[in-house]
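Got a few minutes and a viewer open?

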Amino acid sequence: KPISISTQSTGFFSVSFAWGYKEVPPPPRWDTAFAAGSTSHGGKLLLAGGTWFYNSSIPAQVMNVVYPDGTSYSIVNIHTFVWRVDANNRSCCIDPTQNGVGPPRPDWLQTNSTYLGITIIREVPCNGWRKSVPSDGGDIVFSWFASEKTGMPFRLGFQDVVDMDIGFYSTDPAYFPDDIFVPPSYCPKVVTDPNCSIFH
């Protein structure tokens, strides 16, 4: 099958072209638990940094978002609850457009995903996949890119709006803070703010 090569230099555009023929690689399986450091760009998360913690046995994932001005918040996804948490102000709300979706299973890409070809990310050729996941607010589109050579994760994309580039990645439990997967006691179990969004 033809391979699509994409060169992305800014995150705002890409140039693609078909080149050669190659067998489509199988979608990767995620590690059952990992910690990652990332930089997000696109939409309202332009140039935000942060950390990402994942544990499929709960299942849970937490993404801590930090802006250059020092402001921060967390995206907490435990079972099928998706909260936006501002620990500094002790505020928490459920995002109604994302709720109902649990953290991805380690094998989430291995059914009904679409291979995107090769994309150059930080000068490294990466295989990419794309998948739509149903939620209470409609389908959520995710993309995943990993090094063609090593399989190391390089990027997670949300809704074709936000790309989270992964700069650090480890499965070592020492990198997991205590109680990272315990939601604050003030987080609601029902939607209290229809405008709540994990994207800002």
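The exercises below go from the overall fold to the salt bridges and then the disulfides.

Before you start: this is a predicted model, where local features need pLDDT of at least 70 and side-chain atom pairs count only at pLDDT 80 or more, while totals for chains, interfaces and linings use all residues. Residues are numbered from 1 along each chain as its sequence is written, and side-chain values use heavy atoms, with hydrogens and water left out.

**Exercise 1. Work out how many helices and strands the protein has, and what share of its residues is buried.**

- Step 1: Take helices as DSSP runs of H or I with at least four residues, and strands as runs of E with at least two, numbered from the N terminus.
- Step 2: That gives 0 helices and 13 strands.
- Step 3: Call a residue buried under 20% relative accessible area, exposed over 50% and partly exposed in between (1.4 Å probe, protein chains only).
- Step 4: Of the 200 residues, 45% are buried.

**Exercise 2. Find the salt bridges and work out which residues join into one network.**

- Step 1: Look for a side-chain nitrogen of Lys or Arg within 4 Å of a carboxyl oxygen of Asp or Glu.
- Step 2: Arg-105 is exposed, at 57% relative accessibility.
- Step 3: Now go to Arg-155, which is buried at 5%. Its closest N–O distance to Asp-163 is 4.0 Å, and to Asp-165 it is 2.5 Å.
- Step 4: Asp-165 sits in strand 13 (residues 162–170) and Arg-155 in strand 12 (residues 153–158), so this pair ties together parts 10 residues apart in sequence. Asp-165 is buried too.
- Step 5: Through shared partners, Arg-155, Asp-163 and Asp-165 form one network.

**Exercise 3. Pair up the bonded cysteines and say which way each disulfide is handed.**

- Step 1: Search for cysteine sulfur atoms within 2.5 Å of each other. There are 2 such disulfides.
- Step 2: Cys-92 bonds to Cys-187, S to S 2.1 Å. The S-S torsion of Cys-92 and Cys-187 is about 105°, so this disulfide is right-handed. Cys-92 is in strand 8 (residues 91–94) and Cys-187 in the segment after strand 13, so the link spans 95 residues of sequence.
- Step 3: Cys-93 bonds to Cys-196, also listed at S to S 2.1 Å. With a torsion of about 75°, the disulfide of Cys-93 and Cys-196 is right-handed.
- Step 4: Number the bonded cysteines in sequence order and the pairing reads 1-3, 2-4.
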